[in-house]
Amino acid sequence: MVLDFTLIAGFTAGTGEQAVRHLLLAALGCNVAWGVIDGALYIMGSLTERRQRRHFLMRLRHAASELEAFSTLSGQLDPLLEPETSAEDRERISRVLLPVLSKIHLPEERVTREDILGSIAIFWIDFTAVFPAAIPFLIIRHDPRFALRVSNALLLVLLFAVGRTWGKYNRVSPFLTGLCTMTIGLVLVGVAIALGG
C-alpha cells in the first residue's frame, strides 16, 4: 500500500525539497491510515467473534429441551467433525460436551481492554513494518525521484523478506515465495512507472 501511495503521490509531487516532504507525508499517512484501519478491523473481528460465541452459548442455555440443546451443539460441531467421524462418534462427542459448555463463562459483549491493546499493537506493527520506506524521504531532501526509487527498492526488499518468512512458516520454498512476493511488488512498481509514477 505504501508503494502505491508514494507512486501515486509522485504524480503531483513536483520537484525539490517540497516534493520530498509531499512524498514523506504520503508514506507516513499511508502507514497511519492502514494502522488505524487494521486496528479497527481487529476490534470489530474480536467483538463479532465473541458475540457469536455468546449467542451460541445462550442458545444452549436457553434451549427448551435437552434435544434442542443437543441439536444446537450438533449444528456447530457436525460440519467440523463430519469428514473424519461417524454419526455415532459425533453424537457421543456432543453428549460429552453439552454439560461442559453449559458452564462456560459468557464472553463480553462490549469492547474489552484486550481489544484496545490488541488494536494498538496492530497499529504499531503496521506503522513500523513499512516505516523504512519513509527513511529515504528524510535523508534525500532535494531529489524526490531518487528518494522515491530508493523507497521503492526498500519496499521490494521488505516484500522479499515478508514472502521469505511466510514461505518458512507455511513450509514452502522461502526463497521462491520471497521472490514471488517481490515480483508482484515489482510489477506494481513497473505499472506505476509506466503510467508516469
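1. Ring pairs join F123, W124, F127 and F131 into a cluster. Rings of Phe, Tyr and Trp (its six-membered ring) pair if their centres lie within 6.5 Å; planes under 30 degrees apart count as stacked, over 60 as edge-to-face and the rest as tilted. The model is a predicted one, in which local features need pLDDT of at least 70 and side-chain atom pairs count only at pLDDT 80 or more, while totals for chains, interfaces and linings use all residues. Residues are numbered from 1 along each chain as its sequence is written, and side-chain values use heavy atoms, with hydrogens and water left out.

2. A search of the whole structure finds five aromatic pairs. One of them, F123 with F127, is stacked, at 6.1 Å centre to centre and 10° between the planes. Both residues lie in helix α5 (residues 113-129), four residues apart, which is about one turn of the helix. Helices are DSSP runs of H or I with at least four residues, strands are runs of E with at least two, and both are numbered from the N terminus. F123 and F127 are both buried; buried means under 20% relative accessible area, exposed over 50%, and partly exposed in between (1.4 Å probe, protein chains only).

3. F160 and F175 form an edge-to-face pair, with 5.8 Å centre to centre and 75° between the planes. This pair links distant parts of the chain, as F160 is in helix α7 (residues 144-169) and F175 is in helix α8 (residues 174-194), 15 residues apart. F175 is exposed, because its relative accessible area is 51%.

4. S119 also belongs to helix α5. S119 has a relative accessible area of 11% and is therefore buried. Leaving aside residues up to four places away in sequence, S119 touches G39, Y42 and I43; a contact means heavy atoms within 4.5 Å.

5. Which residues make up the largest nonpolar core? This core has 12 residues: F56, L57, L60, A63, A69, F70, L73, L77, L81, L98, L101 and L106. A nonpolar core is a set of buried Ala, Val, Leu, Ile, Met, Phe, Trp, Tyr and Cys residues joined through side-chain atoms within 4.5 Å. Two or more residues each come from α2 (16-61), α3 (66-81) and α4 (87-101), and α3 gives the most, with five residues. Apart from this core lies another, of nine residues, among them V20, L24, A147 and L148.

6. Helix α4 has 15 residues, which should span 21 Å at 1.5 Å a residue; its end C-alpha atoms are 20 Å apart, so the two values agree. The expected span of a helix is 1.5 Å times one less than its number of residues. In α4, R90, S94, L98 and L101 are buried.

7. Helix α7 has 26 residues and reaches 37 Å from its first C-alpha to its last, close to the 38 Å expected at 1.5 Å a residue. Its buried residues are P144, A147, L148, S151, N152, L155, L156, G163 and G167. After α7 comes R171, whose phi is positive, near 60°.

8. The chain as a whole contains eight helices and zero strands. Of its 197 residues, 33% count as buried. Among the contacts with a separation of 6 or more, 68% are between residues 24 or more positions apart.
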